[in-house]
Amino acid sequence: MKAATKKLIIIALALVGIGTALALIALVSVDFNYSAFDTQPPYEQKKYTYAASKVTGIDVSTCDTSVMIKSGSGEDINITCFENSIETYDIGMDEDGTLRVEYVQKQDWRNNIGINFGQMDKKLIITLPAELAGMIDVNTTSGDIELNGVSAQKDIRLQASSGDITFGGLSAAGFLFKTSSGCVRGDITGDVNEFCIDADTSSGEIDVPRASNGTKRIAVSTSSGDIDIDITANIDIKN
């Protein structure tokens with residue numbers, strides 16, 4: 001090996017050693033808190049409230065944020081989300097009474113430059129009253145969808161490109177559950193004889209009740225995920 005080549009190797013190894021030492025010093029200085037090196041703008045929790053009596057339906061559209069919709073005890077619709085100078089939500093009422101919640105990212109090539117070590121839970125949470133007078137429509141690109149104890153007078157439609165759909169205690173006129181690479185699991189409140197179930201998956205297992213004669217349709221499909229749905233009777237316990 002030539003002397004010049006050896007010299008270059010020694011210099012390269014020395015630079016690697018110096019770089020490693022500097023990186024270790026930097027990590028120690030922040031107590032190994034990687035998020036301290038984030039260059040993305042910080043997120044701020046935002047809350048929005050709408051009178052449920054004026055809402056005829058909800059339309060939610062997000063990108064990589066998971067969505068949770070749950071039942072609350074009040075008469076208002078409460079929305080909790082996380083926003084910064086780059087990522088926000090366009091929230092407002094249409095003329096027909098539809099409450100729209102749409103994720104918006106500012107289009108700027110500089111948004112793609114930076115470091116983001118944080119694993120912050122930016123879940124979009126929507127709390128509804130006991131029953132919504134309309135339809136619930138949720139779409140995500142790469143986020144999970146979760147509904148708990150939600151009741152709607154019209155259909156509930158949940159669609160995810162690559163995320164799981166889970167739910168419990170749902171009640172509605174009809175249901176649509178669709179995901180490309182995720183599972184669909186949950187239970188629906190009602191009499192199994194009221195429903196007609198159409199379930200399909202390309203590479204997964206299907207476990208649903210035998211129901212084919214009812215007027216309430218449950219359409220569920222996945223490309224690569226399991227389907228597991230139960231229908232549970234709503235038992236009214238009286239003293």
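Which helix holds I11? I11 is found in helix α1, residues 3–29.

The model is predicted: local features need pLDDT of at least 70, side-chain atom pairs count only at pLDDT 80 or more, and totals for chains, interfaces and linings use all residues. Residues are numbered from 1 along each chain as its sequence is written, and side-chain values use heavy atoms, with hydrogens and water left out.

**Figure 1. Overview of the predicted chain.** The chain contains 1 helix and 17 strands; helices (H or I, at least four residues) and strands (E, at least two) are DSSP runs, numbered from the N terminus. Of the 239 residues, 33% are buried. Here buried means under 20% relative accessible area, exposed over 50%, and partly exposed in between, with a 1.4 Å probe and protein chains only. The accessible surface of the chain is about 14,100 Å², and carbon and sulfur atoms account for 50% of this area. Accessible areas come from the Shrake-Rupley method with a 1.4 Å probe; for residues, only the protein chains shown count as cover. Among contacts between residues at least 6 apart in sequence, 52% join residues at least 24 apart, a contact being heavy atoms within 4.5 Å.

**Figure 2. Nonpolar surface patch on I11, L15 and I18.** These residues make a patch of about 290 Å². Patches are made of residues with over 30% relative accessible area and no salt bridge; like charges are joined within 9 Å, and nonpolar side chains (Val, Leu, Ile, Met, Phe, Trp, Tyr) within 5 Å. I11 has a relative accessible area of 41% and is partly exposed.

**Figure 3. The open sheet of 9 strands.** The strand order is β1-β4-β7-β3-β9-β11-β13-β17-β15, and the pairing is mixed. At the edges lie β1 and β15 (206–207), each of which pairs on one side only. Two strands pair if DSSP finds at least two bridges between them. Strand β7 (residues 124–128) pairs with β4 in the antiparallel sense over 3 bridges. N78 stands opposite T127 in β7.

**Figure 4. Salt bridge between K46 and E83.** The closest N and O atoms of K46 and E83 are 3.3 Å apart. A salt bridge is a side-chain nitrogen of Lys or Arg within 4 Å of a carboxyl oxygen of Asp or Glu, and the structure holds 8 of these salt bridges. K46 lies in strand β1 (residues 44–51) and E83 in strand β4 (residues 76–83), so the pair links distant parts of the chain, 37 residues apart. K46 is partly exposed at 27% relative accessible area, whereas E83 is buried at 6% relative accessibility.

**Figure 5. Salt-bridge network of D59, D94 and R100.** D59, D94 and R100 are linked by salt bridges. The side chains of R100 and D59 meet at 2.7 Å, N to O. This pair links distant parts of the chain, with R100 in strand β6 (residues 98–105) and D59 in strand β2 (residues 57–62), 41 residues apart. R100 has a relative accessible area of 35% and is partly exposed; D59, at 22% relative accessibility, is also partly exposed.

**Figure 6. Salt bridge between R185 and D226.** The closest N and O atoms of R185 and D226 are 3.8 Å apart. R185 lies in strand β13 (residues 184–189) and D226 in the loop between β16 (216–222) and β17 (227–232), so the pair ties together parts that are 41 residues apart in sequence. R185 is partly exposed at 39% relative accessible area, and D226 is partly exposed at 26%.

**Figure 7. Strand β10 and its parallel partners.** Strand β10 covers residues 156–160. In a regular strand the side chains alternate between the two faces of the sheet. I156, L158 and A160 form the covered face of β10, and R157 and Q159 the uncovered one. Strand β8 (residues 135–140) runs parallel to β10 and is joined to it by 5 bridges; V138 has L158 as its bridge partner in β10. Strand β12 (residues 175–179) also pairs with β10 in the parallel sense, over 5 bridges, and T179 in β12 is the bridge partner of A160.

**Figure 8. Surroundings of F177 in the largest nonpolar core.** This core has 44 residues, and I77, I156 and F177 have the most contacts inside it. A nonpolar core is a set of buried Ala, Val, Leu, Ile, Met, Phe, Trp, Tyr and Cys residues joined through side-chain atoms within 4.5 Å. Leaving aside neighbours within four places in sequence, F177 is in contact with L158, I165, F167, L170, V184, I188, I218, A219, V220, S221 and I229.
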